[in-house]
Amino acid sequence: MSTIAIVGAGPKLGRAIARTFGTRGFDVALIARNQAKLDALVGELTADGITAAAFPADVLDRDALTQALTDAAAKFGDIDVLEYSPGRVELPTLTTPTATEPAHVDVEMNFQLYGAIAATRAVLPTMRKAGSGTLLYTTGAGSIDPVPQVGNVNAAAAALRNWAINLHKELDGTGIQAAHVGIDVSIGTPVVPGFPTAQPEEISPTYWDLHTTKRDQAETVFSG
């Protein structure tokens with residue numbers, strides 16, 4: 001049985017990715033901060049006939065994140081697919097480039113890039129031994145085409161994108177796929193008037209395609 005670990009599992013994209021992989025025979029390890037919300041999500045997936053379990057951890061706590069992934073591997077076996085897309089309970093502080101101070105970017109780097117690096121380091125050694133695996137990292141499309149209103153968030157997302165694409169290059173030929181997914185839509189409900197919106201279930205097949213038929217791609221952008 002194969003296993004996917006979803007870091008930042010929530011009721012929108014995380015749940016859709018869990019269903020996309022779970023209905024194809026994957027065990028699903030759900031990682032996020034809130035135990036109660038994770039338990040509710042496990043219940044929904046179980047009702048769908050999917051084997052899932054919760055492993056609470058905050059991506060800002062590197063040791064807890066590493067332990068959660070270690071616990072998931074102990075329960076289900078080695079992690080075959082890692083998907084990293086941590087969500088937020090509260091809105092981040094948003095700054096334009098000219099208003100940005102180092103601290104404004106530092107908190108976003110911790111949340112996006114450093115958490116992704118920690119998660120990757122927890123699962124990559126066993127993937128290397130197996131000679132197979134998939135590492136997927138999600139950001140908004142501002143990592144590619146930034147907008148001034150969210151300058152600090154875009155800077156950190158761009159760093160994660162750069163790192164993921166570089167990881168793809170390093171792992172070329174090892175059997176391990178690494179890729180960045182840029183989401184250029186609002187997920188579920190409109191956030192900005194006139195900005196395109198897509199349902200999570202429309203987006204999640206993108207991840208399955210990268211894992212299966214598009215393993216040569218370092219990046220894909222979902223724009224609806």
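**Close-up 1. Helices α1 and α2 cross at roughly 30°.** Axes here are lines fitted to C-alpha atoms over the stretch in contact, and angles run from 0 to 180 degrees between N-to-C directions. The model is predicted. Helix α1 covers residues 13-22, and helix α2 covers residues 35-47. Their axes come within 11 Å. Angles under 35 degrees count as roughly parallel, so α1 is roughly parallel to α2. The crossing of the two is right-handed. From α1, the contact takes Arg 15, Ala 18 and Arg 19. From α2, it takes Leu 41, Glu 44 and Leu 45. By class, this contact of α1 with α2 has three nonpolar and three charged residues, with no polar ones.

**Close-up 2. Helix α4 carries a kink.** Helix α4 runs over residues 102-130, 29 residues in total. At 1.5 Å a residue, α4 should span 42 Å. Its end C-alpha atoms lie 40 Å apart, which agrees with that expectation. The kink is about 45° and is centred on Met 109. Just after α4 comes Gly 131, with a positive phi of about 75°.

**Close-up 3. Helix α3 packs on α4 at an angle of about 40°.** Helix α3 covers residues 62-76. The axes of α3 and α4 are 9 Å apart. That angle makes α3 oblique to α4. The crossing of α3 and α4 is right-handed. On the α3 side, Arg 62, Leu 65, Thr 66 and Leu 69 make the contact. On the α4 side, the contact residues include Asn 110, Tyr 114, Gly 115 and Ala 118. Ala 119, Ala 122 and Val 123 of α4 also take part. The contact of α3 with α4 divides into seven nonpolar, three polar and one charged residue.

**Close-up 4. Helices α4 and α5 pack at an angle of about 20°.** Helix α5 covers residues 151-171. The axes of α4 and α5 are 7 Å apart. The two helices are therefore roughly parallel to each other. α4 passes α5 in a right-handed crossing. Among the α4 residues in this contact are His 104, Val 105, Glu 108 and Met 109. By class, the residues of the contact of α4 with α5 divide into 15 nonpolar, four polar and three charged.

Terms used
Residues numbered from 1 in each chain as written. Predicted model: local features only at pLDDT ≥ 70, side-chain atom pairs only at ≥ 80, totals over all residues. Heavy atoms only, no water. Helix = DSSP H or I, 4+ residues; strand = E, 2+ residues; numbered from the N terminus. Expected span 1.5 Å × (residues − 1). Bend = angle between axes of the 7 residues up to and from the residue. Parallel < 35°, antiparallel > 145°, perpendicular 65-115°, else oblique. Left-handed = near helix turned anticlockwise from the far one by under 90°. Contact = heavy atoms within 4.5 Å. Nonpolar A, V, L, I, M, F, W, Y, C, P; charged D, E, K, R; others polar.
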